[in-house]
Amino acid sequence: VTDRPVPVPDDTSGPFWQAADEGRLAVAHCSVCHHAIHPPAPVCPACGATEPAYVFRAVSGRGVVRSWTVLRQAFLPGFADDLPVVLVDVALEGTDDLRLIGRLMYAPADGLRLGAAVEVAFEHLDDGSAIPAFALAPEGEAAT
Amino acid sequence: VKEGFAARSKVAIVGYSHSPVVKSFGRPLGAVAVEVARDAIADAGLRPQDVDGFCASALLPTSGDHASVDGVTMVTPNWLAAQLGVNPRYATGFQGYGQLPGSVALAVNALVSGAADYVLVHRALHNPVGKSYNASGRLDARGDLQWTMPQGFFGPLPMIGMLANEYCQRHGATREDLGAIVVEARKNGARLPWSVWHDRPIDLDDYLAAPLISDPVCRLDCDMPVDGVACFVLTTAERAGDLPNKPVYVAAYAGGAPTRHRLPLHWPLDDVYEVGAETARRLWSRAGIGPGDVDLPQLYDGFSPFVWLWLEVLGFCPVGEAHRFVSGGGIDSDVPGALPALSGGGALGNGRMHGVPQMLECYRQLAGRAGARQRDASVAVACHASPHLGGAVVYATEPI
């Protein structure tokens, strides 16, 4: 995977991307109300805290598919050779409908269904950064 | 819950003009906007110096790497006022989505409060040169984009593909059902001499042959980027009586905004339903009528699936049924008794004019100025954008 857009961490998001590089999904939690928040926002969307002082905690990475789409045209550099790309909208287990969008790895969209169980996986870019993605969970491990 | 709405039917549209809708004007957008503005003001029986209010959104609708230059690729209310030689008592821009209902709302508020007596609402849309309208060459995903751009979730196509697929999977809708929307829009758009799609209707086979871009959305589900300008002149109901055209009253407007924190451009179906229901409640409460009183709904179709969502949230059919309703001929503009929800061609039949085709059709039909396409209608609704962040306006031939 070459010359794809890479995440540029900001003052808040560094630990998220650091964890991803280490193969872990660590989600921001508001230190006031302890809700998982993604993406981290200047004011906590759950409790309104103006100093949420986010703590990034590892989560299971399991979740269920709420929707998906298949990209057949590249609007960004570095995707053309990978088409078609399946992107899934995943609700993480143990959260209040917290969603992540990532690539579905190792499987086509055929046979995908709403509610399918997935678990976090990672795409590894040439610059060394890792991007959270998902893979179908083994049968019988359905989450939430 | 009943809402007090002091502006109900207190403002009317009294004139309009619009440009042809084309791939490119080949000259600055602002030059065309000034011509259209002068024409609309004259149509209302006014002179430019009579107009003391300017309300619009200037957004250049593109996710690609394009510069915004006032008067060239976009047109702000202040820029337009200056070119018309007016020092406006009131000039302001609408910042949200649903730019046209939002601009109408600003105009209504200005007129009812007395901040202005005659307001020009305009929308000027520009199609940047080059094929890669939505593409970006950026390799650094900064700010909000860091959460979605590295994954390839970028721009409006994956956004609408994700939403449309959730609808299709949940409710059992198909590409043929999406095609029914597009065929209806293009049929009506083909009848409009100003449209970029004039005389170019399509059938379902054409639709199904179009390349998919972000499943289930194909190229024909997306409105064509264009250059185009439309202007409307609004004033108070009292003043409207002294002007040459039959007034079309603004009965009510409503809009809303997402209540849940999401990734950029992530629009889960339930978010759309939840916020859209509140927008609809506000709209009907303020207008004092319901969906059964509307004979000319004009639903937003910048991407075809929005038509299903507006049909459902506004109560024209039950949630989950819109795809069957449309495919069964429910919005066929040529069938007496059907809901002519795309009779004005919509964005799919006109080009990417945002909410203009919807507002234009409501105005022309209710003012009796639709020519050979004139319908018998007295209450209309113009929608724009997604129901969970856009808005809608109820228009009527008589004060409600």
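1. Ground rules. This is a predicted model, where local features need pLDDT of at least 70, side-chain atom pairs count only at pLDDT 80 or more, and totals for chains, interfaces and linings use all residues. Residues are numbered from 1 along each chain as its sequence is written, chains are lettered from A and ligands numbered from 1 in the order in which they are written, and side-chain values use heavy atoms, with hydrogens and water left out.

2. Cavities. Searching the whole structure turns up five cavities of 30 Å³ or more. A cavity here is a set of points on a 1 Å grid over the protein atoms alone where a 1.4 Å probe fits but cannot get out; points are joined across faces, edges and corners, and the volume is the space filled by probe spheres set on them. The largest cavity holds about 60 Å³.

3. What lines the largest cavity? From chain A come A:L71, A:Q73, A:A74, A:F75, A:L76 and A:F79, and from chain B come B:G152, B:F154 and B:P158 (lining residues have an atom within 4 Å of a point). The lining splits into seven nonpolar, two polar and no charged residues. For these classes, Ala, Val, Leu, Ile, Met, Phe, Trp, Tyr, Cys and Pro are nonpolar, Asp, Glu, Lys and Arg are charged, and the others, Gly among them, are polar.

4. α4 against α9, chain B. The axes of α4 (residues 156-171) and α9 (residues 305-313) come within 10 Å and cross at roughly 55°, so α4(B) and α9(B) are oblique to each other. Helices are DSSP runs (H or I, at least four residues; strands are E, at least two), numbered from the N terminus. Axes are lines fitted to C-alpha atoms, for helices over the stretch in contact, with angles from 0 to 180 degrees between N-to-C directions; under 35 degrees is roughly parallel, over 145 roughly antiparallel, 65 to 115 roughly perpendicular and the rest oblique. The crossing of α4(B) with α9(B) is left-handed (near helix turned anticlockwise from the far one by less than a right angle; clockwise is right-handed). B:I160, B:L163, B:A164, B:Y167 and B:C168 of α4(B) touch B:P305, B:F306, B:W308, B:L309 and B:E312 of α9(B), contact being heavy atoms within 4.5 Å. By class, that contact has nine nonpolar, no polar and one charged residues.

5. α5 against α9, chain B. Here α5 (residues 175-189) and α9(B) have axes that come within 9 Å and cross at roughly 90°, so α5(B) and α9(B) are roughly perpendicular. B:D177, B:L178 and B:I181 in α5(B) meet B:P305, B:V307 and B:W308 in α9(B). The tally is five nonpolar, no polar and one charged.

6. α8 against α9, chain B. The axes of α8 (residues 269-287) and α9(B) come within 9 Å, crossing at roughly 45°, which makes α8(B) oblique to α9(B). This crossing is right-handed. On the α8(B) side, B:L269, B:V272, B:Y273, B:G276, B:A277 and B:A280 meet B:L309, B:E312 and B:V313 of α9(B); seven of the contact residues are nonpolar, one is polar and one is charged.

7. Backbone spots to look at. The A:L83 to A:P84 peptide bond is cis, omega near -5°, with A:P84 in the loop between β5 (62-71) and β6 (85-92) of chain A. Chain B has a cis bond joining B:D215 and B:P216, with omega about 0°; B:P216 sits in the loop between β6 (212-214) and β7 (217-218) of chain B. A:D97, a residue other than glycine, has a positive phi near 60° and lies in the loop between β6 and β7 (99-103) of chain A.

Key. 1 Å grid on protein atoms, 1.4 Å probe; cavity = no way out; pocket = protein on both sides within 12 Å on 5 of 7 lines; lining within 4 Å.
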